[in-house]
Amino acid sequence: MKLTKILLAVLLLALLVLPAILPAAMVNAAIQMLIAALFACAFNLLCGQGGMLSFGHAAYFGVGSFATLHAMNALNGEGLLPTPLLPLIGALGGFICGLCAGWFATKRAGVYFSMITLALAELLHSLAPHLSMLFGGEAGISSMRSPAWGLDFGDATQVYYLTLGWVVLSIALLYAFTLTPMGRLTFALRENGHRLQFLGYNVHRLRVLVFALSAMFAGIAGGLQALNLESANYVLFDMRFSAEVVLNTYIGGVNVFLGPVLGAALMTFFGNAASDLTQSWLLYQGLLFVLVMMFMPSGLAGLVLCWSAQIRRRGWLAVIPAALSALITAGLLSLAVVFAIETLQRVFSQDYQALLIADQPWPAISLFGREWLPGALLTWAMPLLLGLAGLLVLKLARRQWLRLLDDEPAAGPVALRSRVEGEQS
Amino acid sequence: MEFLTVSLLNGVIYGLLLFMVSAGLTLIFGMMGVLNFAHASFYMVGAYLAYTLQKFVGFTSAVLLSTVLVGLLGVIVERFFLRRVHKHGHAHELLLTFGLTFIIAELIKLFYGNFSVEYRIPEFLNFAAFQVFNTDYPFYRLLMGGVSLLVFGLIYLLLTRTRVGIVVRAAIHRPQMAEALGHNVPLVFMAVFGIGAALAGLAGALAGAFYTTNPNMALELGVIVFVVVVVGGLGSMAGAMIASLLIGLISSFAVGVDLSLASLFGLLGAGDWAQQMGGLMTLKVSSVAATIPFALMLLILLIRPSGLMGEKG
């Protein structure tokens, strides 16, 4: 526990000094990461803690965004709501929409719940372009950040600190919520709603409230997005964004409070970094998600916890060989996959296909700073060999990991017995 | 009158097409409790496979071949993906198929590019079947409807008149009991998943040539198919048929209706006031045609949560 606190403090400190180190373009990426992290954390309140899988959470994010923009235009940062407090309007918008939508959606559970959230989001998505009063039609609406509290919010650094403040506060609040009696009831909702009903709780009301709270924090994230981009249009309601938060959250791990934060921050970071390098980022994201779903349902955070538990039990030295071979496996396999996908992507791209001349060998493609001929055996043998090597090391890593786990029960009883004997003598 | 007839024909045939895709989905759901998000992706894969194969083997064999191949793909998905995560529960399976839709859509984009491909109806099928009010009615539409009806008939007979059908229905209602009686239930699951996928693939191969074949077709159709399945009642074949036709007709009629809420208020004598209100009031039905199925689904879930023909709530 102590270690976690120290790590969190270090992380917070790093986030505070970040804008001083990073170039301006990266500060913007960092803002995106923070917003995505908050959105995922809000989503996890509903799906991870409440056990209600929503496929339309982008709706509340979008509503928060639009509400904040309208407030920006109406108030000009004056009056009771100066610019830094504007995400409150996003929160309000998200909360009200969450109450209404949640009342419908939470009447059913399980798959039906997911379908209703999906339908509601799609309903909004297809209505929004026609409601130009609210959502500004196809073009969307835009606004300007007004100066407040002696700050002009002209550059990215000030927006970064504003976002950081809101995100840290919101995540802290979300964590505090899990400690309240209602937060505990939310967990109970996931585990067994029927039993909760028999205990005399009003399950439907509880579900609606959890839904609305989750939508409220999603609305804050949307409001921050509005402050950052100063504009929004109906594309925010797209299925794509709802899907993204689902992927991020599960890749991070739903059972650990900070898991979705980790997942969203990492995915947004890599998404930003990779968007210049590859056109297939979504494919990698999908592959990663399916891998997580199939082989480590507790997500990245579960993986971290698992390894740190081993380290605590056995010390660094015992864990290093297994960790090393696991890392090599991951490296080799991802290299193989990236190699194969990028080669295919380049060969099948329209630009490349236009270069082809009939009856002539296909020209080389450049990848990893080298030229590769699509006709050459090596080009296709590379990913295969890398993959095979990866699978071989995987076998080794698996055996080492199982050995680590196997030692465990043997150590347990022995330690126990010696303690019992010690007490007797 | 012309509008009525043509919309009726188009709506019925679009509904039959929807049925071909949703039949597999509703069967799989009824049996395994898995809402297969990737089902519409099978539809898309069918279209793209047929598009690729028809260059080599001709249209008819391409359609048949891609049906079989998509069926195999479905078997693979069930055997090597879904069965692995079965122990984690239905939500987990739903999420896995959700991830698969991403992968399939991105792979399609990788191989075929992020735009629609030139998949056309072959010349020998591209003629008018008959004339409606002096306009030609394409034979291909009738072909799609006919194939769908044929499929419905075959599945119905298979499920109700054969031994295999009895085992499948038993596996749907009481999987443990069917297994205890010595039937290989996992095999039945796999086969039904494969057949459901093959049906979606067939629908894609046929419809892809008539409508457009692009990487977004899975998502566009997928959401509508979910609506069909929920409205019809998850797990019910007849419900899927009724809901498909209903949604097909609604979508086909809605695009031609030039009315709005304001016209309704106009009947009550408050038309001018409604016109001034703007916003939702003056939205034409035709421009919000895409939203009507969702509204219908919400309505159904509120007044009859188990769907039109669903058994359990």
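**The contact between the chains**

Tutor: In this predicted model, 39 residues of chain B are in contact with 34 residues of chain A. On the side of chain B that touches chain A, the elements giving two or more residues are helix H3 (59-85), helix H4 (90-112), helix H9 (217-232) and helix H13 (292-303) of chain B. Of these, H4(B) gives the most, with 15 residues. By residue class, that side of chain B divides into 28 nonpolar, nine polar and two charged residues.

Buried residues make up 40% of the 425 residues in chain A, and among the contacts in chain A with a separation of 6 or more, 78% are accounted for by residues 24 or more positions apart. The domain assignment divides chain A into domain 1 (11-278) and domain 2 (303-407), whose C-alpha centres lie 35 Å apart.

The unreviewed UniProt entry annotates several spans of chain A as "transmembrane region", including residues 52-73 and 317-341. In the model, residues 52-73 of chain A are 73% helix and 0% strand, with end C-alpha atoms 35 Å apart, whereas residues 317-341 of chain A are 100% helix and 0% strand, with end C-alpha atoms 37 Å apart.

Technical notes
Residues numbered from 1 in each chain as written. Chains lettered and ligands numbered in written order. Predicted model: local features only at pLDDT ≥ 70, side-chain atom pairs only at ≥ 80, totals over all residues. Domains from an automatic or database assignment. UniProt positions renumbered as here; feature names shortened; annotations may be inferred. Helix = DSSP H or I, 4+ residues; strand = E, 2+ residues; numbered from the N terminus. Contact = placed C-beta atoms within 7 Å. Nonpolar A, V, L, I, M, F, W, Y, C, P; charged D, E, K, R; others polar. Buried ≥ 20, exposed ≤ 12 C-beta atoms within 10 Å, placed from the backbone.
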